[in-house]
Amino acid sequence: MSNKEVKAALKSARDAIRNKEYKEALKHCKAVLKQEKNNYNAWVFIGLAAAELEQPDQAKGAYKKAIELEPNQLLAWQGLANLYEKPNQTDVKADLADVYQKLLELYESGDKQKWYDVCNKLVELYHQEKKYVEVAETWQKLIRMKQEEGAEKTELHQLWKKMIQLLKDSTRNQDNKTGQLLLTAFEHALHSADTVPGEDHQNLYKDFIQCLSKFHEVARLEKACHDMMALYPTMSYALEVLCLHFVQSGTLSEEALHCFSRLLEMDANSGPGIIGFGIKCLKENKYREAVKSLTEGLQKTKQCPAAWYYLAEAQMKIHEHRNAVLSCNQALEALGTPEGANSQWKNLALQLKAEILIKIADASAAEEAIKALEQIADGSSDPMVLALRGQAYLNKGLMDQASKISQELLLSHPHLAEAHALEGFIHYSQENYEQAEKSFLNAIERKAGTAEYHQYLGLTYWFMSDETKKDKGKALTQFLKAAKLDSYLGSAFCYLGNYYRDIAGDISRARGCYKKAFELDETDEESGTAAVSLSVELGDMDTALSILNEVTEKARPGTAKWAWLHRGLYYLRTGQPSQAVADLQAALRADPKDSNCWESLGEAYFNRGSYSTALKSFRKASELNPGLVYSIYRAAALEQILGKYENAIATYHEILKKTENYVPALKG
């Protein structure tokens, strides 16, 4: 076949393809290849025809042969791209990406529009495969090409915005390189925006700040927030983000305080602003204000783990231990989300939770504390965590484990106050008061500002002997120090009340201490009862009643027996039998087996004129406690009043068998 015939055969092949006669085209090409086996066009035409005849392997082989012959010719690369783009082609995306890369190289110095088309296809392909670094780098090439061509600022702005859209999905599994490329795109988009300030620009700034926050880009975040605040001084968004950043960073600098107050001036209802104010109160030891503000702020801005932690800390300071545990749980829940993940805050929240649970001081709370401590990263080597673990074991009754930790800590960290305190708690629980005294004195020497150590040293003196209990310089001094260091420590005020009542005989001062203890802890029945009793003794019924009224108003059914009983007895003494009946019934709901309470209820019914019900109450009292002669006598007297004479006589005889000279029974 001559050269002329080869050309003619190729022309025939081209015409056959144009007419969709693909088999005919293949015949012409094979004829050419017999003569010229390295004919580039013949291999390209075979690729085209085979692809149309759905023979992809033959088509691919033909295109690759053509590329081998002429690697920088376009036709075969274009054909291979068309073949790989067909829907029936699977597992070829990596190969297609290589083909697009080569086409970009070949189009770069020639057809710019085709270069842009292929570039868009390549970016789309990388995006489907979630290859975000490649997406970013390829799109940046496109932008550079447009810049070299002198594209308008508006077009470039749209291209940077498109890059942001392409990379936004990548924030879920962000690697640092993609993150930096995304932030670069934001910066370019912001600088190329037309209308500044304007709504689009404002929204772009918000998204940029959100991204910086996600990637923990501290310096850039602060700068972006300040820049946005300068451009949009009436908008609170950037200031809110900045305030939350300061909260999460755990620092309370002058700048942070300035931001909190500026935000509250701009918007008094701003969650982050109120949270910031709450943290300021906490640092200034204004714990109740801190709890109030942090609670209010968190109702508006729930996903802020650090704020939940600070709320728990403030609640612990005012001994609201159950609420503090709930706040720690909220902090840990927020830290469990991808947005909130932060190992440092998680460890702090777990440690605080354990500390609070130990203060609750029951076995189930101790078990929960141990579980929390086990989750702290590197907790086994932290002496503070070990000291807490020792206390939890002690609360759970595991004396051997607690003692083992105590001994290890004293050897490895002899200067640690918590090590000596743990030893003191162990001795105290075993009533080894002399050793406990030494341990608590050692703890106070190392950390004098801890109220709990003074409180326990005071308790040690209280139970050690009558001499140390009565010695002003011992128990009293330590309770006073504890109360001064922690004005929310109700138990310190309760023991001060015990001292003034039982040792000093100062009823007025004792009443004041019990009242304070009860105000701090409304579950402290001992202090509440003592405050009421001493108020009655001092003739101050108003104070006694105000305490009882406050407790009974808040009490759930079946609780606060002592308050219902005290108020019921007061009504009984002052001739108000109906109110007495109601209160004594409420007391019995809390403790149905209290024989004295049934006896008092019988008396109240009797005074009200409800004789049958009074009889039942007295009988119930004597059933529960057969030694209550007065209840048996009152039952007999009521039977007499109700005309049940035989029953009454039998009951009187029964009393006289036990107590021969019981005058009321003889008279009856």
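Helix axes are lines fitted to C-alpha atoms over the stretch in contact, and the angles between their N-to-C directions run from 0 to 180 degrees. The structure is a predicted model, in which local features need pLDDT of at least 70 and side-chain atom pairs count only at pLDDT 80 or more, whereas totals for chains, interfaces and linings use all residues. Residues are numbered from 1 along each chain as its sequence is written, and side-chain values use heavy atoms, with hydrogens and water left out. Helices (H or I, at least four residues) are DSSP runs numbered from the N terminus.

On these terms, α15 and helix α16 (residues 287-300) pack at an angle of about 160°, their axes lying 7 Å apart. This angle makes α15 roughly antiparallel to α16 (angles over 145 degrees count as such). The crossing of α15 past α16 is left-handed, a term used if the near helix is turned anticlockwise from the far one by less than a right angle. Residues of α15 that meet α16 include Ile-274, Ile-275, Phe-277 and Gly-278, and among their counterparts in α16 are Tyr-287, Ala-290, Leu-294 and Leu-298; contact means heavy atoms within 4.5 Å. By class, the contact of α15 with α16 comprises 10 nonpolar, 4 polar and 3 charged residues (nonpolar: Ala, Val, Leu, Ile, Met, Phe, Trp, Tyr, Cys and Pro; charged: Asp, Glu, Lys and Arg; polar: the others, Gly among them).

Helix α13 (residues 237-249) has 13 residues and reaches 18 Å from its first C-alpha to its last, close to the 18 Å expected, where the expected span is 1.5 Å times one less than the number of residues. Its buried residues include Leu-239, Leu-242, Phe-246 and Val-247 (buried, under 20% relative accessible area; exposed, over 50%; partly exposed, in between; 1.4 Å probe, protein chains only). Among the helices covering the buried residues of α13 are α12 (218-231), α15 (271-283) and α19 (343-360). Just after α13, Gly-250 takes a positive phi of about 80°.

Most residues other than glycine have a negative phi. His-319, although not a glycine, has a positive phi of about 60°. This residue lies in the loop between α17 and α18 (321-335) and is partly exposed, with a relative accessible area of 27%. Glu-431 likewise has a positive phi, of about 65°, without being a glycine; its place is the loop between α23 (417-429) and α24 (433-446). Glu-431 counts as exposed because its relative accessibility is 57%.

How values were computed. Helices (H or I, at least four residues) and strands (E, at least two) are DSSP runs, numbered from the N terminus. Angles under 35 degrees count as roughly parallel, over 145 as roughly antiparallel, 65 to 115 as roughly perpendicular and the rest as oblique.
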